Amino acid sequence: MRRRLVGSLVRRRPVTITPKDTLLQAAEKMAAENVGALVVVEADNPNKPIAVISERDIVKAIAMKMPLSTPIEAFMSTGVVSVGEDADVDKAAELMIMNNIRHLVVVNKKGELVGMVSIRDVLRELKSPASP
């Protein structure tokens with residue numbers, strides 16, 4: 001049975017944003033890029049993931065009547081849950097279940113951002129027949 005690596009699920013460049021960007025900018029970027037979460041990086045180090053902001057985070061902010069001009073740093077989920085690009089897809093699924101998340105940051109051996117995978121990506125891979 002072939003080993004299914006998380007890195008093989010990353011199909012596009014990571015979509016990033018910085019902590020000082022606003023809720024509106026995050027929502028616009030998610031809509032334009034057709035993604036449900038963004039990787040938050042510092043402007044001076046775009047390869048180091050520091051947080052994630054998801055659709056859920058934006059909905060919570062709107063429900064709290066926060067202005068759309070609010071910086072995302074007030075609502076982003078810090079303590080990034082990540083997985084190595086050379087980890088097995090089963091590990092990604094386990095991390096998502098344990099942390100109750102739908103998006104997982106993928107990093108290389110140096111901890112640098114490679115991309116992001118969604119629960120849909122992981123389920124699709126786990127459901128596909130494994131090749132010998």
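Please keep in mind that the model is predicted. Here is a short tour of the surroundings of strand 2.

**Strand pairing**
- Strand 2 and strand 3 (residues 45–54) run antiparallel and are joined by six bridges.
- The link between strand 2 and strand 3 is a hairpin through two residues.
- Strand 1 (residues 16–17) runs parallel to strand 2, with two bridges between them.
- Together with helix 1 (residues 23–33), strand 1 and strand 2 form a right-handed β-α-β unit.

**Burial**
- Strand 2 covers residues 37–42, and five of its six residues are buried, which leaves the strand mostly covered.
- As general background, nonpolar side chains in soluble globular proteins tend to be buried together.

**Nonpolar cores**
- The largest nonpolar core has 15 residues, and those touching the most other members are Ile17, Leu23, Leu38, Val40, Ile53 and Ile72.
- Helix 1, strand 2, strand 3 and helix 2 (55–63) are the elements that each give two or more residues to this core.
- Helix 1 gives the most to this core, namely three residues.
- There is also a second, separate core of 14 residues, with Val10, Ala93, Leu95 and Met96 among them.

**A closer look at isoleucine 17**
- Leaving aside neighbours within four places in sequence, isoleucine 17 is in contact with Gln25 and Ala26, with Leu38, Val39, Val40 and Val41, and with Ile53 and Ile72.

Conventions:
Residues are numbered from 1 along each chain as its sequence is written. This is a predicted model: local features need pLDDT of at least 70, side-chain atom pairs count only at pLDDT 80 or more; totals for chains, interfaces and linings use all residues. Side-chain values use heavy atoms; hydrogens and water are left out. Buried means under 20% relative accessible area, exposed over 50%, partly exposed in between (1.4 Å probe, protein chains only). Helices (H or I, at least four residues) and strands (E, at least two) are DSSP runs, numbered from the N terminus. Two strands pair if DSSP finds at least two bridges between them. A crossover is right-handed if, with the strands pointing away from the viewer, the path from the first strand over the helix to the second runs clockwise. A nonpolar core is a set of buried Ala, Val, Leu, Ile, Met, Phe, Trp, Tyr and Cys residues joined through side-chain atoms within 4.5 Å. Contact means heavy atoms within 4.5 Å.
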